[in-house]
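Here is a briefing on one predicted model.

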Amino acid sequence: MKFGGTSVEDAAAVERVLAIVQAGLARHPVVVVSAMARVTDVLLAAAARAGQDDPIGALADLEPVLARYSDAARRLLPPAEGTRYQATVTSARAELAADLARVARDPAAPDAVAAQGERLCAALVAAALPARGVPAREIDARRCIRTDTRHGKAEPLIPETDVATRAALEPLIATGSVPVLGGYIGATPEGVTTTLGRGGSDYSASLIGAALGASEIQIWTDVSGVLTADPKVAPAARTIPKLSFAEASELAYFGARVLHPKTILPAIRHGIPVRILNSRAPEDEGTRVAAESEVVPHTVKAIAFKSGVSIVSVTSTRMLGAYGFLRALFEVFERHRTVVDLVATSEVSVSLSVDDTSTLPAILRDLAALGEPTVETGRAIICVVGEGMRGTPGIAARIFATIRDINVSLISLGASRINITFVVEESRAAEAVRRLHAALFEMALEPVS
Ligand code: ADP
Ligand code: ASP
Ligand code: MG
């Protein structure tokens with residue numbers, strides 16, 4: 001059971017979590033928590049400030065964060081646990097001071113700073129459960145999630161994580177106790193703290209669920225499952241009861257923030273269903289993601305979008321009738337460890353989308369050896385997903401007719417044929433999603449004229 005930031009944002013939210021865990025006790029849950037809402041942003045901003053030579057000011061910026069945890073503890077914990085928790089906050093402050101002081105010379109330090117948000121939350125929830133009759137123990141997630149050393153976006157070492165997670169959690173579960181861990185964080189084999197990238201607590205939960213052979217991975221958040229679109233953009237969006245692993249992967253990858261893109265991978269590997277549930281409305285059915293899906297013929301399931309995308313194009317007549325060109329092109333992206341999302345090619349040009357712009361200057365320099373590179377920034381990817389789209393004529397026509405006045409570049413009809421993905425200007429993305437949602441979900445389907 002993974003609880004996201006808004007699900008643990010204050011004492012009242014944590015109370016709801018305690019009740020949900022208590023209700024699920026018979027299934028032997030393991031609890032994974034995020035930092036309280038918005039805390040990771042503040043911790044990372046403090047690490048940045050410390051890096052600009054102001055560790056003292058950076059620590060002062062964190063006092064309101066520490067106060068949020070202390071305050072929630074005062075409301076939730078019995079006196080003895082409360083006193084112990086305040087000591088935990090005091091030692092977190094001391095660790096933060098030391099970690100902030102070394103940010104400028106240690107690239108690993110920001111992860112140690114960021115990790116405190118999840119660590120304090122796990123300690124809080126573990127301390128609060130016993131008073132509700134739930135035996136629980138905090139387990140340091142850094143003992144379980146083993147990763148490589150890419151700080152800020154570390155990759156888990158799966159076999160090591162599996163072994164360490166089982167060793168740390170199985171004996172505890174066998175005694176009927178509920179392990180409580182922080183998501184998002186891990187450690188290298190040498191024990192140096194790492195993080196899995198923003199939104200990574202979902203991934204922690206699925207890694208742990210996979211290691212333990214869980215019967216289900218539950219992602220508890222602030223909406224009732226995966227919806228037909230982000231409800232903040234399309235208020236009429238509604239819950240999708242069932243998604244296939246493939247549909248959920250495409251949606252998560254192309255911007256449905258409700259699921260971290262990598263969450264589905266361990267679940268697929270072990271065939272474990274993933275449920276997305278609402279901690280404010282625990283009785284709602286939410287969404288079930290599993291191998292099989294409900295193929296609703298002639299319809300799409302959801303629309304996702306992702307801003308902050310750039311399109312890189314290379315034009316070269318050397319491609320004409322030549323082989324090896326695409327390999328050389330992709331090698332440039334590989335060399336700079338930059339992920340490419342969408343690709344479109346013609347005889348004389350290739351366009352690709354990337355969302356990491358930090359490596360673009362170096363990439364453009366290298367691409368100049370292959371042809372004429374150009375870059376368009378400030379774009380958004382829109383992705384329309386549904387197994388039922390496979391072989392249903394007319395959906396692409398409906399989509400592009402709906403947004404006929406919005407300029408579209410780079411269209412990809414996914415190889416899996418369960419998605420149509422394309423690029424628009426960032427400033428028009430939300431409007432495009434709203435209009436597509438209205439056309440695809442809020443009106444009776446009529447043929448496009
Ligand atoms: P948590 O802190 O629980 O991990 P997130 O903020 O990461 O929660 O993800 C939940 C949010 O994802 C929702 O509040 C919603 O605005 C956004 N979201 C984007 N696309 C979708 C979608 N298709 N369905 C549901 N929520 C979505
Ligand atoms: N707290 C982390 C973040 O804000 C991880 C998570 O919430 O999933 O990115
Ligand atoms: Mg999240």
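Which residue forms a salt bridge with R49, and how far apart are the closest N and O atoms? The partner is D54, and the closest N and O atoms are 2.7 Å apart. A salt bridge here is a side-chain nitrogen of Lys or Arg within 4 Å of a carboxyl oxygen of Asp or Glu. The whole structure holds 26 of these salt bridges.

This is a predicted model: local features need pLDDT of at least 70, side-chain atom pairs count only at pLDDT 80 or more, and totals for chains, interfaces and linings use all residues. Residues are numbered from 1 along each chain as its sequence is written, chains are lettered from A and ligands numbered from 1 in the order in which they are written, and side-chain values use heavy atoms, with hydrogens and water left out.

**Salt bridges**

- Side chains of opposite charge can pair when their charged atoms come close.
- R49 is partly exposed at 31% relative accessible area, and D54 is partly exposed at 24%. Buried means under 20% relative accessible area, exposed over 50%, and partly exposed in between (1.4 Å probe, protein chains only).
- R102 and D99 form a salt bridge at 2.6 Å, N to O. R102 is partly exposed at 23%, whereas D99 is buried at 10%.
- K306 and D355 pair at 2.9 Å, N to O. Helices (H or I, at least four residues) and strands (E, at least two) are DSSP runs, numbered from the N terminus.
- K306 is buried, with a relative accessible area of 14%. D355 is partly exposed, at 34%.
- A network of salt bridges links D405, R428, E431 and R435.

**Helix α5 and its partners**

- Helix α5 (residues 79-101) has 23 residues. From first C-alpha to last, α5 reaches 33 Å, close to the 33 Å expected at 1.5 Å a residue. The expected span is 1.5 Å times one less than the number of residues.
- The buried residues of α5 are G82, Y85, V89, A92, L96, D99 and L100. They pack against α2 (39-51), α3 (55-61), α4 and α6.
- α5 and α6 pack at about 175 degrees, with axes 10 Å apart. Axes are lines fitted to C-alpha atoms, for helices over the stretch in contact, and angles run from 0 to 180 degrees between N-to-C directions.
- α5 and α6 are therefore roughly antiparallel. Angles under 35 degrees count as roughly parallel, over 145 as roughly antiparallel, 65 to 115 as roughly perpendicular and the rest as oblique.
- By class, the α5 contact with α6 has 12 nonpolar, 2 polar and 4 charged residues. Ala, Val, Leu, Ile, Met, Phe, Trp, Tyr, Cys and Pro count as nonpolar, Asp, Glu, Lys and Arg as charged, and the others, Gly among them, as polar.

**Helices α4 and α6**

- α4 (residues 63-76) and α6 (residues 109-128) pack at about 5 degrees, axes 11 Å apart. The two are therefore roughly parallel.
- L66, Y69, A72, A73 and L76 of α4 meet G117, L120, C121 and L124 of α6. Contact means heavy atoms within 4.5 Å.
- This contact has 8 nonpolar, 1 polar and no charged residues.

**H260**

- H260 lies in the loop between α9 (245-253) and α10 (264-270). H260 is buried at 10% relative accessibility.
- Beyond neighbours within four places in sequence, H260 contacts L196, R198, G199, G200, D202, Y203 and A252.
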